Amino acid sequence: MHTDPIADYLTRLRNGIMAGHDAVVVPASSMKERLCGILKSEGYIHGYKTVEHDGRNYLIVNIKYVKSGESVIHGLKRISSPGLRIYAGVKEIPDVNGGLGIAILSTPKGLLSGKEARKQNVGGEVLAHVW
């Protein structure tokens, strides 16, 4: 059993990108589905779908590449962890990679990108940075 499912999700995505896979399979959860939704809306992945196999649900995440074969995602970093939670108020939401990346936050209004959290004037736990 994984103690940090978000870190596991990010690692599977990172490994799939390094191996040049078109898609990666991760165990499904509502949190991971919301993470996929943010990555899709921000243009980092093509899409995702939920499938069932042997009574368990999995997410198939389709990785997005540019014409040169390079992934749109250049980096993924877990910020807050179960052992060390990192929180940011609306004024402290970080700019990732000089504004070229996104911060993903868990807020009272659900999982949001840093840009969306600023727009809705909420802070929260900084889960990850994607650039």
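With a relative accessible area of 24%, E42 is partly exposed, where buried denotes under 20% relative accessible area, exposed over 50% and partly exposed the range in between (1.4 Å probe, protein chains only). The structure is a predicted model, in which local features need pLDDT of at least 70 and side-chain atom pairs count only at pLDDT 80 or more, whereas totals for chains, interfaces and linings use all residues. Residues are numbered from 1 along each chain as its sequence is written, and side-chain values use heavy atoms, with hydrogens and water left out.

The side chain of E42 meets that of K115 in a salt bridge, with an N to O separation of 3.6 Å; the term covers a side-chain nitrogen of Lys or Arg within 4 Å of a carboxyl oxygen of Asp or Glu. Because E42 lies in the loop between helix 2 (30–41) and strand 2 (45–53) while K115 belongs to helix 3 (residues 114–119), the pair ties together parts that are 73 residues apart in sequence. Here helices (H or I, at least four residues) and strands (E, at least two) are DSSP runs numbered from the N terminus. K115, at 53% relative accessibility, counts as exposed.

By this rule the model has six salt bridges. Another of them joins R85 to E125, whose closest N and O atoms are 3.0 Å apart. This pair also links distant parts of the chain, since R85 sits in the loop between strand 4 (76–78) and strand 5 (87–88) and E125 in strand 8 (residues 124–130), 40 residues apart. R85 is partly exposed at 42% relative accessibility, whereas E125 is buried at 12%. A salt bridge is also formed by R12 and D8, with the closest N and O atoms 3.0 Å apart. These two residues are four apart in helix 1 (residues 5–19), so that about one helical turn separates them. In this pair, R12 counts as partly exposed at 30% relative accessibility, and D8 counts as buried at 14%.

Helix 1 also packs against helix 2, the residues P5, I6, Y9 and L13 of helix 1 meeting M31, K32, L35, C36 and L39 of helix 2, where contact means heavy atoms within 4.5 Å. The axes of the two helices come within 10 Å and cross at roughly 45°; axes are lines fitted to C-alpha atoms, for helices over the stretch in contact, and angles run from 0 to 180 degrees between N-to-C directions. Helix 1 and helix 2 are therefore oblique to each other, given that angles under 35 degrees count as roughly parallel, over 145 as roughly antiparallel, 65 to 115 as roughly perpendicular and the rest as oblique.

Among the strands, strand 3 (residues 56–63) is paired with strand 1 in the antiparallel sense over five bridges, pairing being assigned if DSSP finds at least two bridges between two strands. Within this arrangement, N62 of strand 3 is the bridge partner of A23. Strand 1 (residues 23–27) has V24 and V26 on a covered face and A23, V25 and P27 on an uncovered one. Strand 3 is also joined to strand 2, in an antiparallel arrangement, by eight bridges, with Y58 of strand 3 as the bridge partner of V51. Strand 2 and strand 3 form a hairpin with two residues between them, and D54 in the turn has a positive phi of about 55°.

Strand 6 (residues 102–107) is largely enclosed by the rest of the structure, because five of its six residues are buried. This strand pairs with strand 8 in the antiparallel sense over five bridges, I104 standing opposite A128 of strand 8. In strand 7, G110 is the bridge partner of T107.

L112, which lies in strand 7 (residues 110–113), counts as buried at 8% relative accessibility. Neighbours within four places in sequence being left aside, L112 is in contact with I38, A103, I104, L105, T107, A117, Q120 and V122. L112 and L127 are 15 residues apart in sequence, and their C-alpha atoms are 10 Å apart in space.
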